[in-house]
Amino acid sequence: MIQLHDVSKQYGSFTALHSVNLTMKHGEFTAILGPSGCGKTTLLKLLAGFMEPTSGEIQMDGSLVASKHQLIPPEKRNIGMVFQSFALWPHMTVYDHIVFPLRHHRHTQDEWKKDMVARVQHVLKMVGLDQLFDRYPSELSGGQKQRVALARAIAPLPDILLMDEPLSALDVELRMDMRTEIQRIHRETKACIVYVTHDQGEALAMADKIVVMNKGKIEQIGSPEDIYTKPETAFVASFVGKCNMVKGKWEEGRFTPRAFPWETWPDIGVAESLKQEGFCPVRPEQWAMADESGEGLKGTVLSVQYQGKEVHYVIEVEEEKWTVHQSIFSRRYQAGDTVSLAVKAAEQQPVFV
Ligand SMILES: Nc1ncnc2c1ncn2[C@@H]1O[C@H](COP(=O)(O)OP(=O)(O)OP(=O)(O)O)[C@@H](O)[C@H]1O
């Protein structure tokens, strides 16, 4: 188990992390999600032991590994690391890359030290590279290089696997394949994975737990479903999935939009904190859209995009622009049409609330 207690990190006078409290359990897949510059890599570097916090403490399995006065270096922690840039050694073959950590990682099991060839073969099979053991990095594709980096990190079976945007250098299709691969490796190794990304799709698809960060602070911690369906702050609502933040007033479990005081909407699972701020976050797929004679708020279609399974509309409602997704089987509208928008009742919502 990893525990961060009130961890802050300053670079000179700039505070990159503000009093972070976080627990990551054995075998848990945690995604650290946030925009560029929010402090994700700083958090990962602290977990790896590349630097010490300015204040606060980090514990691993109950032992103090980092504080202002103490720092257990990376090689003494049972961790593996995978970076966006692969960081492979050009003069070493695939085989050499996997043997290296087995020789040097102080937590490698004795059994594997005795028969490293067998362990390398096993790990290369896990990542689908057993046929390419004698290739050099220059003879591999981007996806294969990332698999080598992954195999090198998991070979000594670390307790903790730290991954910093490991898929961002790969093309879209390969990224999808590698997501499945990483999930399988997680199941097989049962490592505690800390996965840094700014890609919400990646975090929602893979993680057991998502930590959403903004400006060096944690905004929300929760399961992918919780983060998506019950965002607690306006930032989380709009960063994780496109959310329309409708302003208004909550009274007796119903919401009245400020611009349309004659309307009231049901509670579709809105967090208390957002109710207090006077927001109703509505996901693009939570709108029911009808023609201008229908019930609800009136708006004008600004743009229409066909997306295969859905049609994405931007609707102008009282000078605000809202995003609305409708199934391709629903009635189609054109730019310039007047439409009616209502929030679907909870039982009609396409997502769990
Ligand atoms: N060594 C440093 N000295 C000064 N400021 C730094 C240093 N390293 C990072 N920062 C600043 O700290 C903040 C957090 O940086 P960090 O690299 O942790 O962000 P990030 O969320 O990983 O961003 P990205 O997704 O762009 O990699 C940024 O504003 C960055 O400019």
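User: Before we start, what do the domain bounds rest on, and into which domains is the chain divided?
Analyst: Domain bounds come from an automatic or database domain assignment. Keep in mind that this is a predicted model. With that said, the chain is divided into domain 1 (2-226) and domain 2 (243-348).

User: How many Å separate the centres of domain 1 and domain 2?
Analyst: Good one to have at hand when you look at the model. The centres are taken over C-alpha atoms, and the separation between domain 1 and domain 2 is 40 Å.

User: Which strands are the edge strands of the six-stranded open sheet?
Analyst: This sheet has mixed pairing and runs in the order 6-7-8-3-9-10. Its neighbouring strands are turned by 15° against each other on average, direction ignored. An edge strand pairs on one side only, and that holds for strand 6 (79-83) and strand 10 (217-222).

User: Inside that sheet, which residue of strand 8 is the bridge partner of A31?
Analyst: Strand 3 (residues 29-33) and strand 8 (residues 192-197) pair in the parallel sense, with five bridges. For A31, the bridge partner in strand 8 is Y195.

Methods. Residues are numbered from 1 along each chain as its sequence is written. This is a predicted model: local features need pLDDT of at least 70, side-chain atom pairs count only at pLDDT 80 or more; totals for chains, interfaces and linings use all residues. Two strands pair if DSSP finds at least two bridges between them. Helices (H or I, at least four residues) and strands (E, at least two) are DSSP runs, numbered from the N terminus. Axes are lines fitted to C-alpha atoms, for helices over the stretch in contact, and angles run from 0 to 180 degrees between N-to-C directions.
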